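My notes follow in the order I took them.

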Amino acid sequence: MSLAGIADANRSRTAHEFVRATLRKAILDGSLPGGTRLVQTGVASELGVSTTPVREALRDLATEGLVFFDPHRGAVVRTLDINEVREIYELRATLEPLMVRRVIDRISPATLERAEALIAAMDDERRPSDWVGLNSEFHGLLTEVDDGSRLADILAKLRDSASVYISLSLDAREQQMPEANDEHRQLVKAYRAGDVEKAIGITLTHFNATLAAIEEAHRSGAI
């Protein structure tokens, strides 16, 4: 398949960001399935860039858990593992309440307004891979006040690792996006009210619903 055909349209960003966004989108929407080799020279040729930004982008995607480096095959798109995603959500459900308690009294009204703007964008988004990007940005925004902490770093990596599973599950269950958007709205209300226990409860319900959708997609053969 041609990467040029799905290349991210925003070329105002750096070559590194452009390549990373294009490859990430292709992995999340299934255009580059698990096991696909990503040859640096081939990717560079298709996207009209040098190999340096491709190498940097692949390194970033490996950190996100979307790509791994095989000593014999080079960069390869990771094959999905349902047991891995269950562990990811077990860890998120354990650690996210700690983050809520840590940040809820420090999050600013301006940040919550940005979160609401992201929800509005998700309401209008119909492409799963793009919705997943907004979803990840939304959850990252709620931890922004604690950026730089070990906990924030761990949660960011877990969100990145979950992204590809979420994207593929959306194709199997189209009502998941509007349901998740409603949960996002409830979560912002809880943050505005400073209600720690409600925010934690909504977060855990949200994670459980997402994992259930992923498992449903797995049973149907979509993942």
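**Helix α3.** I started with α3, residues 51-64. Its 14 residues reach 20 Å from the first C-alpha to the last, close to the 20 Å expected at 1.5 Å a residue. That expected span is 1.5 Å times one less than the number of residues. Helices here are DSSP runs of H or I with at least four residues, numbered from the N terminus. I note that this is a predicted model, where local features need pLDDT of at least 70, side-chain atom pairs count only at pLDDT 80 or more, and totals for chains, interfaces and linings use all residues. Residues are numbered from 1 along each chain as its sequence is written, and side-chain values use heavy atoms, with hydrogens and water left out.

Which residues of α3 are buried? I found P53, V54, A57, L58, L61 and E64. Buried means under 20% relative accessible area, exposed over 50% and partly exposed in between, with a 1.4 Å probe and protein chains only. Down the axis of α3, the buried residues fall within an arc of 135°, so they line one face of the helix. The arc is taken from the directions from the helix axis to the C-beta atoms. An α-helix has 3.6 residues a turn, so residues three or four places apart point the same way. Just after α3, I see G65 with a positive phi of about 90°.

**V43.** Next I looked at V43, in helix α2 (residues 40-47). V43 has 5% relative accessibility and counts as buried. Leaving aside neighbours within four places in sequence, V43 is in contact with L3, V19, L23, L38 and V54. Contact means heavy atoms within 4.5 Å. V54 is also one of the buried residues of α3. I checked R55 too: V43 and R55 are 12 residues apart in sequence and 9.8 Å apart in space, C-alpha to C-alpha.

**Helix α5.** I then turned to α5, residues 109-124. Its 16 residues reach 23 Å, close to the 22 Å expected. The buried residues of α5 are T111, L112, A115, L118, I119 and M122. They fall within an arc of 110° seen down the axis, so they line one face of α5. On the other side, P109 and D124 are exposed. What do the buried residues of α5 pack against? I found α6 (128-141) and α8 (176-193).

**H184.** I followed α8 to H184. H184 has 0% relative accessibility and counts as buried. Beyond neighbours within four places in sequence, H184 is in contact with I119, M122, W131, N135, F138, H139 and H206. I119 and M122 are among the buried residues of α5.

S149 is in the loop between α6 and α7. At 17% relative accessibility, S149 counts as buried. Its contacts, apart from neighbours within four places, are M99 and R102. L151 is in helix α7 (residues 150-172). L151 is buried, at 7% relative accessible area. I list L95, L98, M99 and R102 as the residues L151 touches, not counting those up to four places away in sequence. L151 and R173 are 22 residues apart in sequence and 31 Å apart in space, C-alpha to C-alpha.

**Aromatic pair.** I found one aromatic pair. The rings of Y89 and F207 have centres 5.9 Å apart and planes at 75°, so the pair is edge-to-face. Rings of Phe, Tyr and Trp (its six-membered ring) pair if their centres lie within 6.5 Å; planes under 30 degrees apart count as stacked, over 60 as edge-to-face and the rest as tilted. The pair links distant parts of the chain, with Y89 in α4 (residues 82-103) and F207 in α9 (residues 196-219), 118 residues apart. Y89 and F207 are buried.

On a 1 Å grid over the protein atoms alone, a cavity is a set of points where a 1.4 Å probe fits but cannot get out; a pocket is an open set with protein on both sides within 12 Å along at least five of seven lines; lining residues have an atom within 4 Å of a point. Grid points are joined across faces, edges and corners, and a volume is the space filled by probe spheres set on the points.

I counted four cavities of 30 Å³ or more. The largest cavity has a volume of about 70 Å³. Y89 and F207 are in its lining, including also W131, N135, H139 and H206. The largest pocket has a volume of about 570 Å³. Of its 21 lining residues, R13, A21, R24, G133 and E137 are the closest to its centre. α6 gives the most to the lining of the largest pocket, with eight residues.

How values were computed
Helices (H or I, at least four residues) and strands (E, at least two) are DSSP runs, numbered from the N terminus.
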